[in-house]
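Subject: Handover of a structure, with findings

Dear colleague,

Please find below the structure that I am passing on to you. My notes on what was found in it follow directly after.

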Amino acid sequence: MKLITSTAELANILQQGGVIAYPTEAVWGLGCDPFNQTAVRRILALKSRPEAKGLILIAGDPSQLKPWINTLSEDAAQRLISKTDRPISWVVPDTQITPNWVRGEHQSVAIRLTQHKAVQALCQAFGGVIVSTSANPAGLDPAMTAEDVSHYFGDQIDGIYQAPLGQADQPSQVKDIVTGKLFRA
């Protein structure tokens with residue numbers, strides 16, 4: 001288990017096409033550069049997750065969401081960057097920005113602006129959004145500790161961010177940014 005505290009080192013791993021595990025608001029996640037098809041497919045293989053399902057992206061700062069904000073109405077853009085009591089991943093219409101290997105079979109992508117300080121620092125060091133999917137093989141419980149991540153994936157990932165898990169008691173809600181439809185409570 002390669003525990004890493006340096007966001008610069010983690011960002012370098014991501015920039016080189018690597019896969020990392022990191023603590024999110026409620027569970028541990030797997031992350032990579034969403035624009036690196038090989039890295040995304042590696043995460044999908046680790047999780048035994050079909051590409052068609054799509055993946056969530058996470059940002060640390062509203063400026064990292066500018067490409068998507070520019071496609072939204074003012075109200076929808078405000079929802080995307082608003083601080084909320086519970087983490088919300090917003091499903092945003094998208095066929096031009098996010099690669100299909102992240103969107104899956106959808107004409108949209110789920111995006112979350114995190115309030116988790118460690119993930120904000122990670123996204124800042126990387127310089128943009130990263131993939132955020134729970135760190136577990138399909139059908140198993142999400143990892144709640146770095147040890148869980150190591151148990152699930154061993155040396156198949158390139159680093160584990162040694163930072164605290166957030167305080168949320170459940171993973172993010174997933175809602176449609178335009179209609180408000182709830183996909184995951």
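Two residues are said to be in contact, or to touch, when heavy atoms lie within 4.5 Å. The model is predicted, so local features need pLDDT of at least 70 and side-chain atom pairs count only at pLDDT 80 or more, while totals for chains, interfaces and linings use all residues. Residues are numbered from 1 along each chain as its sequence is written, and side-chain values use heavy atoms, with hydrogens and water left out.

The record. In an unreviewed entry, UniProt lists residues 4-185 as "domain: YrdC-like"; the positions follow the numbering used here, the feature name is shortened, and the annotation may be inferred rather than shown by experiment. That span is 30% helix and 22% strand, and its end C-alpha atoms lie 32 Å apart. Helices (H or I, at least four residues) and strands (E, at least two) are DSSP runs, numbered from the N terminus.

Ser 172. This residue sits in the loop between β8 (159-161) and β9 (173-176). Its relative accessibility is 6%, so Ser 172 counts as buried; buried means under 20% relative accessible area, exposed over 50%, and partly exposed in between, with a 1.4 Å probe and protein chains only. Leaving aside residues up to four places away in sequence, Ser 172 touches Ile 56, Arg 86, Pro 87, Ile 88, Ser 89, Arg 112 and Arg 184. Its side chain makes polar contacts with the side chains of Ser 89, at 2.8 Å, and Arg 112, at 3.2 Å. A polar contact is a pair of N or O atoms within 3.5 Å; within protein, one must be able to donate a hydrogen and the other to accept it, and residues adjacent in sequence count only if both atoms are side-chain atoms.

Two loop residues. Asp 85 belongs to the loop between α4 (74-81) and β5 (88-93), and its 88% relative accessibility is why Asp 85 counts as exposed. From C-alpha to C-alpha, Asp 85 and Gln 173 are 11 Å apart in space, and they are 88 residues apart in sequence. Ser 48, in the loop between α2 (37-47) and β4 (56-59), is likewise exposed, with a relative accessible area of 58%. The phi of Ser 48 is near 55°, a positive value in a residue other than glycine.

Yours sincerely
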